[in-house]
Amino acid sequence: MAIDTYIHNGPLVIGAGLAGLSVALNTAPHKTLVLAPVALGVACSSAWAQGGIAAALSPEDLPKDHAEDTIHAGAGIVDELAAKTLTDMGPETVRKLNAMGAPFDHKPDGSFVLNREAAHGLARVARVGGDLAGKAILEAVVHQTLNSPHIDVWERATALGLIKSADETVIGALVDHAGKLIEVYAPVVIMASGGSGGLFAVTTNPANLRGEGMAMAALAGAVIADPEFVQFHPTALKFGLDPAPLATEALRGEGATLIDQNGHRFVFDDHPEGELAPRDIVARAVHKADLNGGAFLDARAAIGDHFPAEFPTVFASCMAQGVDPRTTPMPVAPAAHYHMGGIGSDIFGHTSLKGLYAVGECASTGVHGANRLASNSLLEAAAFGERIGLDAIQGLRADGFAPDIAKAVRPAMPPHLSEPDLKTLRDAMTRYAGVVRDEAGLRTLLSLIDSLDQRYPGALALVNARLIATCALHRRESRGSHYRSDYPLTEATGARTYITWAQALTTAGEMTACTSQDCLTS
(Lines give C-alpha, C1' and ligand atoms only; values in the text may rest on other atoms or scores of the structure.)
Protein backbone atom coordinates (compact mmCIF):
# COMPACT_ATOMS: atom_id res chain seq x y z
CA MET A 1 0.00 0.00 0.00
CA ALA A 2 1.30 3.46 -0.90
CA ILE A 3 2.15 5.70 2.02
CA ASP A 4 1.60 9.47 1.79
CA THR A 5 3.68 12.08 3.62
CA TYR A 6 2.27 15.01 5.57
CA ILE A 7 4.47 17.59 7.32
CA HIS A 8 2.67 19.41 10.11
CA ASN A 9 4.32 22.49 11.60
CA GLY A 10 2.88 22.23 15.10
CA PRO A 11 1.90 19.78 17.83
CA LEU A 12 0.52 16.37 16.86
CA VAL A 13 -1.90 15.03 19.48
CA ILE A 14 -2.65 11.30 19.33
CA GLY A 15 -6.05 10.83 20.97
CA ALA A 16 -9.15 12.97 21.33
CA GLY A 17 -10.46 12.32 24.83
CA LEU A 18 -10.41 14.89 27.60
CA ALA A 19 -6.62 14.73 27.95
CA GLY A 20 -5.86 15.16 24.26
CA LEU A 21 -8.36 17.95 23.72
CA SER A 22 -7.19 19.74 26.88
CA VAL A 23 -3.69 19.72 25.40
CA ALA A 24 -4.93 21.07 22.07
CA LEU A 25 -6.92 23.88 23.66
CA ASN A 26 -3.72 25.16 25.25
CA THR A 27 -1.41 25.14 22.23
CA ALA A 28 -2.68 28.30 20.50
CA PRO A 29 -1.64 29.99 18.32
CA HIS A 30 0.30 26.99 16.98
CA LYS A 31 -1.64 24.92 14.49
CA THR A 32 -2.42 21.65 16.25
CA LEU A 33 -3.44 18.36 14.64
CA VAL A 34 -5.57 15.97 16.72
CA LEU A 35 -6.05 12.33 15.70
CA ALA A 36 -9.48 10.95 16.68
CA PRO A 37 -9.96 7.21 16.03
CA VAL A 38 -13.72 7.69 15.70
CA ALA A 39 -16.10 10.64 15.68
CA LEU A 40 -14.99 13.36 18.10
CA GLY A 41 -16.16 12.66 21.64
CA VAL A 42 -17.23 9.07 20.94
CA ALA A 43 -15.79 5.81 22.33
CA CYS A 44 -13.28 7.37 24.71
CA SER A 45 -13.11 6.61 28.41
CA SER A 46 -13.54 10.27 29.38
CA ALA A 47 -17.06 10.30 28.00
CA TRP A 48 -17.97 7.19 29.99
CA ALA A 49 -16.78 8.46 33.38
CA GLN A 50 -19.79 8.71 35.68
CA GLY A 51 -18.75 9.76 39.16
CA GLY A 52 -17.37 13.23 38.55
CA ILE A 53 -14.18 15.20 39.02
CA ALA A 54 -12.41 15.54 42.35
CA ALA A 55 -11.16 18.88 43.68
CA ALA A 56 -11.04 20.82 46.95
CA LEU A 57 -14.08 23.00 46.25
CA SER A 58 -15.74 23.32 49.67
CA PRO A 59 -14.79 25.77 52.46
CA GLU A 60 -13.79 22.90 54.76
CA ASP A 61 -11.51 21.28 52.15
CA LEU A 62 -7.98 22.13 51.06
CA PRO A 63 -5.80 20.89 48.19
CA LYS A 64 -3.35 19.48 50.74
CA ASP A 65 -6.14 17.32 52.18
CA HIS A 66 -6.95 16.10 48.68
CA ALA A 67 -3.25 15.35 48.15
CA GLU A 68 -3.05 13.41 51.40
CA ASP A 69 -6.01 11.23 50.37
CA THR A 70 -4.42 10.68 46.94
CA ILE A 71 -1.13 9.63 48.51
CA HIS A 72 -2.80 7.36 51.05
CA ALA A 73 -4.92 5.61 48.40
CA GLY A 74 -1.86 5.08 46.20
CA ALA A 75 -0.39 2.53 48.62
CA GLY A 76 3.11 3.86 49.14
CA ILE A 77 4.36 4.66 45.65
CA VAL A 78 2.62 7.95 44.77
CA ASP A 79 4.93 10.67 43.45
CA GLU A 80 4.18 13.36 46.02
CA LEU A 81 5.16 16.26 43.75
CA ALA A 82 2.74 14.98 41.11
CA ALA A 83 -0.04 14.62 43.71
CA LYS A 84 0.55 18.11 45.08
CA THR A 85 0.67 19.63 41.60
CA LEU A 86 -2.56 17.93 40.55
CA THR A 87 -4.55 18.77 43.68
CA ASP A 88 -3.29 22.37 43.75
CA MET A 89 -4.63 22.76 40.20
CA GLY A 90 -7.91 21.05 41.05
CA PRO A 91 -10.25 23.89 42.06
CA GLU A 92 -9.23 26.19 39.20
CA THR A 93 -9.44 23.35 36.68
CA VAL A 94 -13.04 22.59 37.67
CA ARG A 95 -13.96 26.28 37.57
CA LYS A 96 -12.46 26.59 34.07
CA LEU A 97 -14.48 23.59 32.87
CA ASN A 98 -17.58 25.11 34.46
CA ALA A 99 -16.94 28.40 32.66
CA MET A 100 -16.42 26.47 29.43
CA GLY A 101 -19.98 25.17 29.71
CA ALA A 102 -19.70 21.89 31.60
CA PRO A 103 -23.08 21.82 33.42
CA PHE A 104 -21.97 20.85 36.92
CA ASP A 105 -24.68 20.43 39.54
CA HIS A 106 -24.94 23.51 41.73
CA LYS A 107 -26.69 24.35 44.96
CA PRO A 108 -29.08 27.34 45.13
CA ASP A 109 -26.21 29.51 46.43
CA GLY A 110 -24.14 28.68 43.35
CA SER A 111 -21.67 26.37 45.05
CA PHE A 112 -20.93 22.93 43.61
CA VAL A 113 -22.89 19.84 44.62
CA LEU A 114 -20.22 17.50 45.97
CA ASN A 115 -20.33 13.75 46.51
CA ARG A 116 -18.08 11.66 48.72
CA GLU A 117 -16.46 8.65 47.09
CA ALA A 118 -14.23 5.86 48.34
CA ALA A 119 -11.04 6.82 50.21
CA HIS A 120 -11.88 10.55 50.17
CA GLY A 121 -11.89 12.12 53.61
CA LEU A 122 -14.96 14.20 52.76
CA ALA A 123 -17.26 15.11 49.88
CA ARG A 124 -15.18 16.68 47.08
CA VAL A 125 -16.41 15.14 43.82
CA ALA A 126 -18.20 17.64 41.57
CA ARG A 127 -20.86 15.89 39.54
CA VAL A 128 -23.11 16.47 36.52
CA GLY A 129 -26.66 15.15 36.54
CA GLY A 130 -25.75 12.50 39.09
CA ASP A 131 -23.80 10.20 36.73
CA LEU A 132 -23.26 12.17 33.52
CA ALA A 133 -19.99 13.94 34.42
CA GLY A 134 -17.64 12.57 31.77
CA LYS A 135 -20.11 12.89 28.90
CA ALA A 136 -21.13 16.44 29.79
CA ILE A 137 -17.61 17.69 30.47
CA LEU A 138 -16.32 16.22 27.22
CA GLU A 139 -19.21 17.73 25.25
CA ALA A 140 -18.24 21.19 26.52
CA VAL A 141 -14.58 20.60 25.64
CA VAL A 142 -15.49 19.24 22.18
CA HIS A 143 -17.61 22.34 21.53
CA GLN A 144 -14.67 24.56 22.50
CA THR A 145 -12.35 22.49 20.30
CA LEU A 146 -14.57 22.79 17.24
CA ASN A 147 -14.64 26.56 17.73
CA SER A 148 -10.86 26.89 18.10
CA PRO A 149 -9.38 27.85 14.70
CA HIS A 150 -5.89 26.62 15.60
CA ILE A 151 -7.10 23.01 16.03
CA ASP A 152 -7.48 20.61 13.11
CA VAL A 153 -9.15 17.26 13.88
CA TRP A 154 -8.74 14.17 11.73
CA GLU A 155 -11.55 11.75 12.53
CA ARG A 156 -11.12 8.03 11.77
CA ALA A 157 -7.38 8.54 12.25
CA THR A 158 -5.39 5.96 14.23
CA ALA A 159 -1.68 6.06 14.98
CA LEU A 160 0.11 2.76 14.30
CA GLY A 161 3.64 3.60 15.42
CA LEU A 162 6.07 6.43 16.15
CA ILE A 163 8.60 7.83 13.69
CA LYS A 164 12.01 8.86 15.01
CA SER A 165 14.93 10.83 13.62
CA ALA A 166 18.42 9.42 13.36
CA ASP A 167 19.22 10.94 16.80
CA GLU A 168 16.29 9.09 18.46
CA THR A 169 13.96 12.12 18.61
CA VAL A 170 10.27 11.41 17.97
CA ILE A 171 9.29 13.37 14.87
CA GLY A 172 5.90 11.94 13.94
CA ALA A 173 3.70 8.90 13.57
CA LEU A 174 2.50 6.41 11.00
CA VAL A 175 -1.25 7.03 10.75
CA ASP A 176 -4.18 5.14 9.25
CA HIS A 177 -6.56 7.93 8.21
CA ALA A 178 -9.82 6.45 6.93
CA GLY A 179 -7.95 3.55 5.33
CA LYS A 180 -5.11 5.61 3.87
CA LEU A 181 -1.60 5.28 5.34
CA ILE A 182 0.14 8.59 6.02
CA GLU A 183 3.48 9.40 7.59
CA VAL A 184 2.67 12.48 9.66
CA TYR A 185 5.73 14.49 10.71
CA ALA A 186 5.56 17.04 13.53
CA PRO A 187 8.05 18.88 15.74
CA VAL A 188 6.37 17.58 18.90
CA VAL A 189 4.11 14.55 19.50
CA ILE A 190 1.73 14.21 22.45
CA MET A 191 0.44 10.73 23.23
CA ALA A 192 -3.07 10.93 24.72
CA SER A 193 -4.38 7.58 23.54
CA GLY A 194 -6.17 6.38 26.67
CA GLY A 195 -5.97 3.19 28.70
CA SER A 196 -5.89 -0.56 28.24
CA GLY A 197 -9.24 -1.82 29.53
CA GLY A 198 -10.09 -3.51 26.24
CA LEU A 199 -7.27 -6.00 26.86
CA PHE A 200 -9.51 -7.61 29.49
CA ALA A 201 -12.64 -9.67 28.89
CA VAL A 202 -14.56 -7.71 31.52
CA THR A 203 -14.05 -3.95 31.30
CA THR A 204 -15.97 -0.73 31.78
CA ASN A 205 -13.90 0.98 29.05
CA PRO A 206 -14.44 1.13 25.30
CA ALA A 207 -13.28 -2.29 24.08
CA ASN A 208 -11.18 -0.71 21.31
CA LEU A 209 -8.77 0.80 23.88
CA ARG A 210 -6.01 -1.75 24.44
CA GLY A 211 -3.05 0.34 25.49
CA GLU A 212 -1.80 1.00 21.97
CA GLY A 213 -0.20 4.30 22.96
CA MET A 214 1.88 2.68 25.67
CA ALA A 215 2.83 -0.09 23.25
CA MET A 216 3.87 2.33 20.49
CA ALA A 217 6.02 4.30 22.94
CA ALA A 218 7.59 1.09 24.30
CA LEU A 219 8.48 -0.13 20.80
CA ALA A 220 10.09 3.26 20.13
CA GLY A 221 12.27 2.78 23.23
CA ALA A 222 10.44 4.81 25.87
CA VAL A 223 10.65 3.95 29.55
CA ILE A 224 7.36 2.43 30.75
CA ALA A 225 6.32 2.90 34.38
CA ASP A 226 4.21 0.66 36.66
CA PRO A 227 2.41 -1.35 33.94
CA GLU A 228 1.37 -4.03 36.44
CA PHE A 229 -1.01 -1.65 38.24
CA VAL A 230 -4.44 -2.00 36.64
CA GLN A 231 -7.42 -0.75 38.63
CA PHE A 232 -10.55 -2.89 38.69
CA HIS A 233 -13.76 -1.03 39.40
CA PRO A 234 -15.68 -2.93 42.09
CA THR A 235 -19.16 -2.37 40.72
CA ALA A 236 -19.53 -3.10 37.05
CA LEU A 237 -23.06 -4.30 36.34
CA LYS A 238 -22.94 -8.04 35.76
CA PHE A 239 -25.22 -8.42 32.76
CA GLY A 240 -22.81 -10.24 30.44
CA LEU A 241 -22.30 -7.16 28.26
CA ASP A 242 -19.05 -6.05 26.60
CA PRO A 243 -18.15 -3.47 27.77
CA ALA A 244 -19.79 -3.88 31.19
CA PRO A 245 -21.99 -0.93 32.23
CA LEU A 246 -20.65 0.90 35.25
CA ALA A 247 -22.50 1.49 38.52
CA THR A 248 -20.81 4.69 39.65
CA GLU A 249 -19.08 4.90 43.00
CA ALA A 250 -21.29 7.89 43.77
CA LEU A 251 -24.07 5.39 44.51
CA ARG A 252 -22.04 4.08 47.44
CA GLY A 253 -21.25 7.65 48.40
CA GLU A 254 -25.00 8.22 48.67
CA GLY A 255 -25.41 5.18 50.91
CA ALA A 256 -25.91 2.20 48.58
CA THR A 257 -24.56 -0.99 50.15
CA LEU A 258 -22.80 -4.09 48.87
CA ILE A 259 -24.45 -7.33 49.93
CA ASP A 260 -24.02 -11.02 49.20
CA GLN A 261 -26.78 -13.48 48.34
CA ASN A 262 -27.72 -13.60 52.03
CA GLY A 263 -27.97 -9.82 52.43
CA HIS A 264 -24.69 -9.60 54.39
CA ARG A 265 -22.62 -6.39 53.93
CA PHE A 266 -19.45 -8.32 53.20
CA VAL A 267 -16.94 -5.50 52.63
CA PHE A 268 -16.91 -4.76 56.37
CA ASP A 269 -15.31 -8.19 56.80
CA ASP A 270 -12.20 -6.75 55.13
CA HIS A 271 -12.18 -3.04 56.03
CA PRO A 272 -13.83 -0.84 58.67
CA GLU A 273 -15.00 1.69 56.08
CA GLY A 274 -16.96 -0.96 54.21
CA GLU A 275 -18.25 0.24 50.85
CA LEU A 276 -16.12 3.40 51.06
CA ALA A 277 -12.81 1.57 51.51
CA PRO A 278 -10.13 2.03 48.81
CA ARG A 279 -11.12 0.57 45.46
CA ASP A 280 -8.65 -2.30 45.47
CA ILE A 281 -10.01 -3.61 48.77
CA VAL A 282 -13.63 -3.29 47.66
CA ALA A 283 -12.83 -4.91 44.30
CA ARG A 284 -11.27 -7.96 45.95
CA ALA A 285 -14.20 -8.27 48.35
CA VAL A 286 -16.69 -8.11 45.46
CA HIS A 287 -14.59 -10.61 43.48
CA LYS A 288 -14.69 -13.07 46.38
CA ALA A 289 -18.45 -12.65 46.87
CA ASP A 290 -19.06 -13.00 43.14
CA LEU A 291 -17.28 -16.36 43.15
CA ASN A 292 -19.33 -17.51 46.12
CA GLY A 293 -22.93 -16.92 45.11
CA GLY A 294 -22.91 -13.36 43.83
CA ALA A 295 -22.37 -9.73 44.83
CA PHE A 296 -25.11 -7.10 44.69
CA LEU A 297 -25.30 -3.33 45.00
CA ASP A 298 -28.39 -2.44 47.00
CA ALA A 299 -29.67 1.12 46.47
CA ARG A 300 -33.28 0.49 47.48
CA ALA A 301 -33.14 2.39 50.76
CA ALA A 302 -30.45 4.93 49.91
CA ILE A 303 -31.74 6.04 46.47
CA GLY A 304 -35.08 4.34 45.91
CA ASP A 305 -37.58 6.30 43.85
CA HIS A 306 -35.03 9.06 43.17
CA PHE A 307 -32.92 6.71 41.05
CA PRO A 308 -34.15 7.82 37.57
CA ALA A 309 -33.47 11.49 38.27
CA GLU A 310 -30.26 11.17 40.29
CA PHE A 311 -28.49 8.40 38.36
CA PRO A 312 -30.12 8.23 34.91
CA THR A 313 -27.29 6.37 33.15
CA VAL A 314 -27.14 3.53 35.68
CA PHE A 315 -30.94 3.40 35.84
CA ALA A 316 -31.23 3.05 32.06
CA SER A 317 -28.56 0.31 31.98
CA CYS A 318 -30.39 -1.69 34.63
CA MET A 319 -33.87 -1.27 33.16
CA ALA A 320 -32.60 -2.36 29.73
CA GLN A 321 -31.66 -5.68 31.34
CA GLY A 322 -34.92 -6.06 33.25
CA VAL A 323 -33.57 -5.01 36.66
CA ASP A 324 -35.33 -2.14 38.46
CA PRO A 325 -32.75 -0.79 40.94
CA ARG A 326 -35.50 0.96 42.90
CA THR A 327 -36.81 -2.42 44.01
CA THR A 328 -34.05 -4.96 43.25
CA PRO A 329 -30.35 -5.12 44.18
CA MET A 330 -28.08 -4.87 41.13
CA PRO A 331 -25.70 -7.77 40.33
CA VAL A 332 -22.11 -6.50 40.19
CA ALA A 333 -18.58 -7.78 39.58
CA PRO A 334 -15.16 -6.13 39.24
CA ALA A 335 -14.05 -4.96 35.79
CA ALA A 336 -10.85 -3.49 34.37
CA HIS A 337 -11.34 0.24 34.67
CA TYR A 338 -8.16 2.32 34.76
CA HIS A 339 -4.45 1.81 34.07
CA MET A 340 -2.21 3.51 36.62
CA GLY A 341 0.79 2.37 34.58
CA GLY A 342 1.80 3.82 31.26
CA ILE A 343 4.49 5.82 29.52
CA GLY A 344 6.82 7.12 32.23
CA SER A 345 6.47 10.91 32.38
CA ASP A 346 6.95 13.87 34.70
CA ILE A 347 4.44 16.57 35.66
CA PHE A 348 5.09 18.38 32.38
CA GLY A 349 4.46 15.24 30.32
CA HIS A 350 8.11 14.77 29.33
CA THR A 351 8.96 11.15 28.57
CA SER A 352 12.36 9.50 28.19
CA LEU A 353 12.19 10.15 24.43
CA LYS A 354 12.95 13.61 23.13
CA GLY A 355 9.99 15.04 21.20
CA LEU A 356 7.41 12.77 22.89
CA TYR A 357 4.98 13.84 25.60
CA ALA A 358 2.37 11.68 27.33
CA VAL A 359 -0.81 12.71 29.11
CA GLY A 360 -3.91 11.12 30.59
CA GLU A 361 -4.39 7.42 31.15
CA CYS A 362 -1.62 6.35 28.77
CA ALA A 363 0.89 8.28 30.90
CA SER A 364 2.26 7.35 34.31
CA THR A 365 3.39 10.34 36.35
CA GLY A 366 3.10 8.42 39.61
CA VAL A 367 0.20 10.58 40.74
CA HIS A 368 -2.04 7.52 41.16
CA GLY A 369 0.55 5.17 42.64
CA ALA A 370 -0.72 1.62 42.96
CA ASN A 371 -4.37 2.57 43.31
CA ARG A 372 -6.05 5.64 41.78
CA LEU A 373 -8.17 7.74 44.12
CA ALA A 374 -11.75 7.90 42.83
CA SER A 375 -12.49 10.73 40.35
CA ASN A 376 -8.89 11.89 40.03
CA SER A 377 -8.75 10.67 36.42
CA LEU A 378 -10.82 13.42 34.80
CA LEU A 379 -8.94 15.95 36.91
CA GLU A 380 -5.58 14.61 35.74
CA ALA A 381 -6.69 14.64 32.09
CA ALA A 382 -7.85 18.26 32.21
CA ALA A 383 -5.25 19.73 34.57
CA PHE A 384 -2.16 18.01 33.20
CA GLY A 385 -3.53 18.43 29.68
CA GLU A 386 -3.37 22.19 30.23
CA ARG A 387 0.17 22.01 31.64
CA ILE A 388 1.42 19.83 28.81
CA GLY A 389 -0.20 21.89 26.08
CA LEU A 390 1.53 25.00 27.36
CA ASP A 391 4.88 23.22 27.75
CA ALA A 392 4.77 21.48 24.38
CA ILE A 393 4.76 24.74 22.43
CA GLN A 394 7.80 26.15 24.19
CA GLY A 395 10.59 26.45 21.68
CA LEU A 396 8.48 25.70 18.60
CA ARG A 397 9.80 27.70 15.68
CA ALA A 398 7.55 29.82 13.52
CA ASP A 399 9.78 29.45 10.44
CA GLY A 400 8.76 25.89 9.70
CA PHE A 401 9.59 22.32 10.56
CA ALA A 402 11.83 20.45 8.13
CA PRO A 403 12.42 16.83 9.16
CA ASP A 404 15.04 14.73 7.41
CA ILE A 405 12.57 12.26 5.97
CA ALA A 406 15.24 10.30 4.15
CA LYS A 407 16.91 9.34 7.44
CA ALA A 408 13.68 8.84 9.45
CA VAL A 409 13.39 5.62 11.42
CA ARG A 410 9.97 4.25 10.62
CA PRO A 411 7.96 1.75 12.70
CA ALA A 412 6.99 -1.68 11.43
CA MET A 413 3.36 -2.08 10.44
CA PRO A 414 1.72 -3.77 13.46
CA PRO A 415 -0.53 -6.76 12.76
CA HIS A 416 -4.03 -7.04 14.25
CA LEU A 417 -5.17 -10.11 16.14
CA SER A 418 -8.12 -12.01 14.70
CA GLU A 419 -11.32 -11.73 16.71
CA PRO A 420 -11.02 -15.31 18.09
CA ASP A 421 -7.40 -14.76 19.13
CA LEU A 422 -8.22 -11.38 20.64
CA LYS A 423 -10.98 -13.02 22.67
CA THR A 424 -8.52 -15.68 23.85
CA LEU A 425 -6.10 -12.97 24.97
CA ARG A 426 -8.79 -10.94 26.74
CA ASP A 427 -10.13 -13.99 28.56
CA ALA A 428 -6.62 -14.90 29.69
CA MET A 429 -5.87 -11.36 30.87
CA THR A 430 -9.00 -11.33 33.03
CA ARG A 431 -8.32 -14.82 34.38
CA TYR A 432 -4.58 -14.55 35.05
CA ALA A 433 -3.84 -10.80 35.37
CA GLY A 434 -7.12 -9.75 36.92
CA VAL A 435 -8.14 -8.88 40.47
CA VAL A 436 -6.17 -11.80 41.97
CA ARG A 437 -2.90 -13.01 40.43
CA ASP A 438 -0.30 -15.69 41.09
CA GLU A 439 2.92 -16.92 39.52
CA ALA A 440 1.45 -19.98 37.84
CA GLY A 441 -1.30 -17.95 36.18
CA LEU A 442 1.02 -15.18 35.02
CA ARG A 443 3.45 -17.69 33.52
CA THR A 444 0.52 -19.34 31.72
CA LEU A 445 -0.47 -15.93 30.40
CA LEU A 446 3.06 -15.17 29.19
CA SER A 447 3.20 -18.54 27.42
CA LEU A 448 -0.01 -17.65 25.59
CA ILE A 449 1.43 -14.27 24.63
CA ASP A 450 4.56 -16.02 23.31
CA SER A 451 2.38 -18.31 21.21
CA LEU A 452 0.29 -15.48 19.79
CA ASP A 453 3.41 -13.44 19.11
CA GLN A 454 4.61 -16.14 16.72
CA ARG A 455 1.62 -15.35 14.49
CA TYR A 456 1.27 -11.64 15.23
CA PRO A 457 4.79 -10.30 15.86
CA GLY A 458 4.70 -6.72 17.07
CA ALA A 459 0.93 -6.59 17.60
CA LEU A 460 0.31 -3.63 19.91
CA ALA A 461 -2.15 -5.53 22.09
CA LEU A 462 0.46 -8.22 22.71
CA VAL A 463 3.15 -5.66 23.52
CA ASN A 464 0.92 -4.09 26.15
CA ALA A 465 -0.19 -7.45 27.55
CA ARG A 466 3.42 -8.61 27.87
CA LEU A 467 4.44 -5.46 29.75
CA ILE A 468 1.57 -5.88 32.22
CA ALA A 469 2.11 -9.60 32.74
CA THR A 470 5.91 -9.43 32.99
CA CYS A 471 5.90 -6.70 35.63
CA ALA A 472 3.06 -8.38 37.53
CA LEU A 473 5.13 -11.57 37.62
CA HIS A 474 8.20 -9.79 38.93
CA ARG A 475 6.45 -7.72 41.60
CA ARG A 476 6.51 -10.34 44.33
CA GLU A 477 4.29 -8.53 46.81
CA SER A 478 0.72 -7.25 46.99
CA ARG A 479 0.30 -3.50 46.72
CA GLY A 480 -2.79 -1.52 45.83
CA SER A 481 -4.50 -2.88 42.73
CA HIS A 482 -1.79 -5.55 42.26
CA TYR A 483 -2.72 -8.51 44.47
CA ARG A 484 -0.68 -11.71 44.43
CA SER A 485 -2.35 -14.59 46.28
CA ASP A 486 1.08 -16.23 46.54
CA TYR A 487 2.68 -13.04 47.90
CA PRO A 488 -0.18 -11.43 49.90
CA LEU A 489 2.01 -9.14 52.03
CA THR A 490 3.22 -5.65 51.17
CA GLU A 491 6.90 -4.76 51.29
CA ALA A 492 7.76 -2.16 53.94
CA THR A 493 9.26 0.16 51.34
CA GLY A 494 7.46 0.75 48.09
CA ALA A 495 9.21 1.20 44.75
CA ARG A 496 7.87 1.99 41.33
CA THR A 497 8.64 -0.17 38.29
CA TYR A 498 10.49 1.28 35.31
CA ILE A 499 11.07 -0.95 32.30
CA THR A 500 11.93 -0.74 28.62
CA TRP A 501 10.70 -3.05 25.89
CA ALA A 502 14.17 -4.53 25.53
CA GLN A 503 14.14 -5.44 29.23
CA ALA A 504 10.67 -6.94 28.96
CA LEU A 505 11.88 -9.24 26.19
CA THR A 506 15.11 -10.34 27.84
CA THR A 507 14.62 -10.27 31.61
CA ALA A 508 14.39 -13.53 33.53
CA GLY A 509 13.98 -14.10 37.25
CA GLU A 510 14.08 -10.92 39.33
CA MET A 511 13.36 -7.65 37.56
CA THR A 512 16.26 -5.24 37.44
CA ALA A 513 14.34 -1.99 37.45
CA CYS A 514 15.42 1.61 37.66
CA THR A 515 13.71 3.08 40.73
CA SER A 516 15.04 6.57 40.22
CA GLN A 517 13.78 9.55 38.30
CA ASP A 518 17.16 9.37 36.53
CA CYS A 519 15.31 7.04 34.14
CA LEU A 520 13.62 10.12 32.72
CA THR A 521 15.17 12.97 30.81
CA SER A 522 12.95 15.76 32.11
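Okay, let's start with strand 12, residues 224-225, and strand 17, residues 342-344: two bridges pair them, antiparallel. Strands here are DSSP runs of E, at least two residues, and helices are runs of H or I, at least four, numbered from the N terminus; two strands pair if DSSP finds at least two bridges between them. Before going on, this is a predicted model, where local features need pLDDT of at least 70, side-chain atom pairs count only at pLDDT 80 or more, and totals for chains, interfaces and linings use all residues. Residues are numbered from 1 along each chain as its sequence is written, and side-chain values use heavy atoms, with hydrogens and water left out.

Back to our pair: I224 sits opposite I343 in strand 17. Both strands belong to an open, mixed sheet of four, in the order 19-17-12-20. Strand 19 (363-364) and strand 20 (498-499) are at the edges with a single partner strand each, so one side of each has no neighbour in the sheet.

Now, the loop between strand 11 (188-191) and helix 6 (212-219) holds T204. Is T204 buried or exposed? Buried, with a relative accessible area of 5%; buried means under 20%, exposed over 50%, partly exposed in between, using a 1.4 Å probe and protein chains only. The T204 side chain makes a polar contact of 2.6 Å with the side chain of H337. By that I mean N or O atoms within 3.5 Å, where within protein one must be able to donate a hydrogen and the other to accept it, and residues adjacent in sequence count only if both atoms are side-chain atoms.
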